[in-house]
Amino acid sequence: MYDVLLLNHVENRYANTSLFVQICHLLSVVCCYAQTTPRTGTISGLVRDKNTQEVLIGVGIQLEGTPNGTATDAEGRYKLAAPVGSYNVKATFVGYKPLTKFNINLTSGNAQEVSFELEEEAKSLNEVVVTTNRAVAAVASVETPNSIQRLSTEEIRSNPGGNFDISRVIQALPGVGGTAGSVGGFRNDIVIRGGAPNENVYFLDGIEIPVINHFATQGSAGGPTGILNVSFIEDVTLKSSSWEAKYDNALASVFQFKQREGNKERLSGNVRLSATELAGTLEGPLSKNTTFLASARRSYLQLLFSAIDLPIRPSYWDFQYKTTTKINAKTTLTTLGVGAIDDFSFAVPQKSTPNREYILRANPIIKQWNYTIGVSVKRLIDNGFVNIALSRNMFDNSLTRYEDNTKPSATTKTLDATSQEIENKLRVDVNKFIDGWKFSYGGVAQYVKYNTDFFNQFRREVRNAQGVVLQPAANIRFNTDIAFVRYGFFGQFAKTFGRVSLSGGLRTDMNTFTNEGNNPLRALSPRVAVSYALTDKWNINASVGQYYKLPIYTALGFRNELGTLVNKDNKYIGSTHFVAGVEFIPKPSTRFTIEGFYKNYQNYPISVRDRISLANQGGEFGAIGNERTQSSGKGRAYGMEVFFQQKLTKNIFATASYTLVWSQFSGFDGRLIPSAWDSRHLLSGILGRKFKRGWEIGMRYRFASGAPYTPFDLVASQRNYAAVGTGVLDFAQLNSLRLRSFNQFDFRIDKKWNYRRATLDVFFDVTNAFVLSNPAFPQYTFQRTTDGADWLTTNGQPLAADGANGQPLILRNEDPSVVPTLGFIVEF
């Protein structure tokens with residue numbers, strides 16, 4: 001988001017001069033120190049049995065297309081050296097399905113840590129066995145045969161326009177849309193198959209991470225910039241249906257972020273500098289059996305925005321760490337942590353414009369910090385393993401807004417909210433594999449605390465000259481402090497019978513807060529999935545499941561003017577999924593899928609004040625849910641997706657996806673209408689090519705048909721703009737209009753220089769290289785005088801409190817912007 005704001009307001013000659021100076025400086029450094037001597041890189045890792053997690057000894061590891069190979073040792077580890085470059089690494093073992101990891105980039109700066117989990121071949125002589133190289137097909141599993149995609153770390157790093165932001169990169173996957181695609185591309189609101197952003201859950205090595213974006217919208221999940229460090233990530237898996245029963249509180253999807261282990265042999269790391277931030281990562285051994293990863297990142301956007309006279313001052317830090325300790329041959333201890341500090345403030349611009357005045361008045365001053373820390377133990381047992389995870393996460397959010405954010409005053413304050421969400425979680429799951437049957441069972445217990453002190457002015461009182469009230473004041477003021485327990489249990493099985501694979505699961509979730517929360521039948525969620533192998537290349541998959549989610553804490557903690565917790569009658573939100581599709585794997589590196597899906601929602605919260613579904617909220621900065629809600633809403637999302645993935649083959653890799661989706665939710669009237677996430681057509685494509693001497697180029701194209709939006713109530717907007725800083729939407733015409741389509745082409749060029757113990761990667765990334773106009777929601781404001789010093793009024797007098805003499809102006813908010821980024825990464 002901030003890159004876009006920056007380039008929208010920088011004069012072309014400033015941007016071009018700055019860019020030219022940076023390019024010349026970096027190229028001069030490279031030319032002085034470039035090395036031509038052939039360099040080597042190393043790759044190492046661990047190979048385990050996927051079902052039992054036992055290490056495998058003697059597994060063959062081969063760099064495809066080269067004579068370089070080795071085998072795992074008595075501890076299941078391997079190490080291999082080869083000339084720097086990109087390779088596909090294949091693991092083979094008798095009795096197991098071969099597995100290939102694609103596009104592994106070896107450099108002289110950092111050692112690559114790449115681990116494998118191999119799946120045993122079917123053993124029964126009475127069954128028809130269809131053998132498939134599960135290289136790219138290893139994405140799917142017996143438990144989740146459909147609606148699953150995966151991205152490797154190299155696909156994340158080299159994604160054009162991604163800026164090393166995992167939250168932005170995953171928008172290339174099928175079914176992923178929302179404001180990230182069709183409303184300017186400014187935010188990371190992850191919308192899966194037409195569901196709201198808060199319908200997803202995120203797990204980092206088995207630990208739930210509630211906040212993955214800076215400046216997050218409370219009650220939702222989106223924000224402009226992701227928190228997670230891509231240097232830690234081994235791969236990212238998206239499950240948009242038929243996820244395992246061990247995952248709770250998800251309606252639309254489950255994201256699994258798998259982190260690698262730190263370097264076991266020496267201290268190493270990297271430093272990354274780009275147009276918006278400076279980041280550093282360090283890793284290495286702490287002892288013979290313990291490794292670590294640690295990183296810190298700092299933005300410096302506030303300095304750039306000050307230099308070019310933009311009124312916003314965003315600033316953030318984030319931190320991340322992981323340690324892995326092998327206690328003995330059967331027990332592994334992992335600790336991890338993720339945290340962020342965010343500060344979004346304002347400054348008086350030297351020159352005022354309607355657009356800058358809107359920014360100053362519409363957005364809140366944000367002060368946030370959050371963290372998640374966790375410890376997990378994996379213990380191998382007979383024919384399986386046990387996971388025990390203990391974690392704590394906390395989100396502290398402070399929002400303040402004034403009629404003019406550059407002139408704070410107690411009398412002009414329109415928003416003042418401070419809140420904390422705290423969760424303490426214990427998760428246990430037992431996994432067994434016996435005679436081809438996979439079983440898992442376990443539970444979760446959480447102690448939750450939520451508190452807030454909240455004030456929000458929606459409109460001020462308006463009287464006419466005779467003192468008659470034309471518009472009563474509308475304010476919300478309350479404070480709350482609640483604590484309760486959430487708990488749940490699950491069980492799952494899976495088995496392959498020749499060509500047919502079958503899995504089923506059941507879970508229930510309860511809580512001690514809502515009126516019906518302790519009833520195990522209210523959130524009983526069964527699911528079943530089946531896959532049939534037509535041939536070694538074709539599979540038919542289908543699944544049906546019921547999923548539940550507790551309403552957001554901001555709604556549960558709301559109190560009315562009498563101090564009563566009026567939302568305790570809210571119910572678990574339900575969603576029933578029906579999915580069927582076909583998977584085609586013509587060769588180990590290529591995968592096609594096509595799926596149809598239908599999701600039916602029950603008990604969706606509806607705003608009593610606005611009479612609309614909360615499914616439409618979450619795409620703006622601030623917080624949602626601080627109001628009276630009723631669990632009477634319904635909804636549906638349905639459509640189809642097509643996905644193609646080509647892993648690295650002959651130095652080319654590519655993905656392409658198309659999604660057709662309808663998303664509809666009801667308000668108090670029970671009528672289903674398009675939701676804010678009803679983007680209909682979503683198209684994304686990525687093409688990458690690796691060249692000799694460390695050169696690489698990537699291109700990405702995204703398209704989304706126009707997002708729905710709600711027109712302004714012009715009378716109410718004029719009366720209240722001076723007080724609330726935004727227009728007032730006419731919810732009687734909810735989502736009745738649509739923006740124009742979103743189109744964006746990004747490209748990226750990388751060049752790597754490998755030295756004896758270091759690597760320099762210089763990259764040039766351009767977002768929206770074709771300078772296409774991408775519309776965002778219109779913005780309501782008033783006209784300014786020619787010199788920008790004051791409001792332009794109809795009578796030449798100061799702006800009236802009710803805006804009666806203001807001259808309304810609706811900003812179209814669709815100026816094209818291009819964001820070039822030049823940066824470098826030093827590995828050592």
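Glu 516 is partly exposed in this predicted model, at 37% relative accessibility, where partly exposed denotes the range between buried, under 20% relative accessible area, and exposed, over 50% (1.4 Å probe, protein chains only). Glu 516 forms a salt bridge with Arg 522, the closest N and O atoms being 3.2 Å apart, a salt bridge being a side-chain nitrogen of Lys or Arg within 4 Å of a carboxyl oxygen of Asp or Glu. Arg 522 is likewise partly exposed, with a relative accessible area of 46%. The model is a prediction in which local features need pLDDT of at least 70 and side-chain atom pairs count only at pLDDT 80 or more, while totals for chains, interfaces and linings use all residues. Residues are numbered from 1 along each chain as its sequence is written, and side-chain values use heavy atoms, with hydrogens and water left out.

A salt bridge also links Arg 507 and Asp 509, with the closest N and O atoms 2.8 Å apart; here Arg 507 is buried, at 3% relative accessibility, and Asp 509 is buried too, with a relative accessible area of 9%. Asp 610 pairs with Arg 609 in a further salt bridge, with 3.3 Å between the closest N and O atoms, and Arg 609 is partly exposed at 38%. Through salt bridges that share partners, Glu 208, Asp 248, Glu 423, Lys 425, Arg 427 and Arg 486 are joined into one network. The search of the whole structure finds 45 salt bridges.

In soluble globular proteins, nonpolar side chains tend to be buried together. Ile 166 touches, among others, Ile 156, Leu 228 and Phe 257, not counting residues up to four places away in sequence, contact meaning heavy atoms within 4.5 Å.

In helix α9 (residues 714-724), the buried residues include Ala 716, Asn 720 and Tyr 721, and the buried residues of α9 pack against elements including α7 (354-362) and β44 (779-782). Just after α9, Gly 725 takes a positive phi of about 80°.

Terms used:
Helix = DSSP H or I, 4+ residues; strand = E, 2+ residues; numbered from the N terminus.
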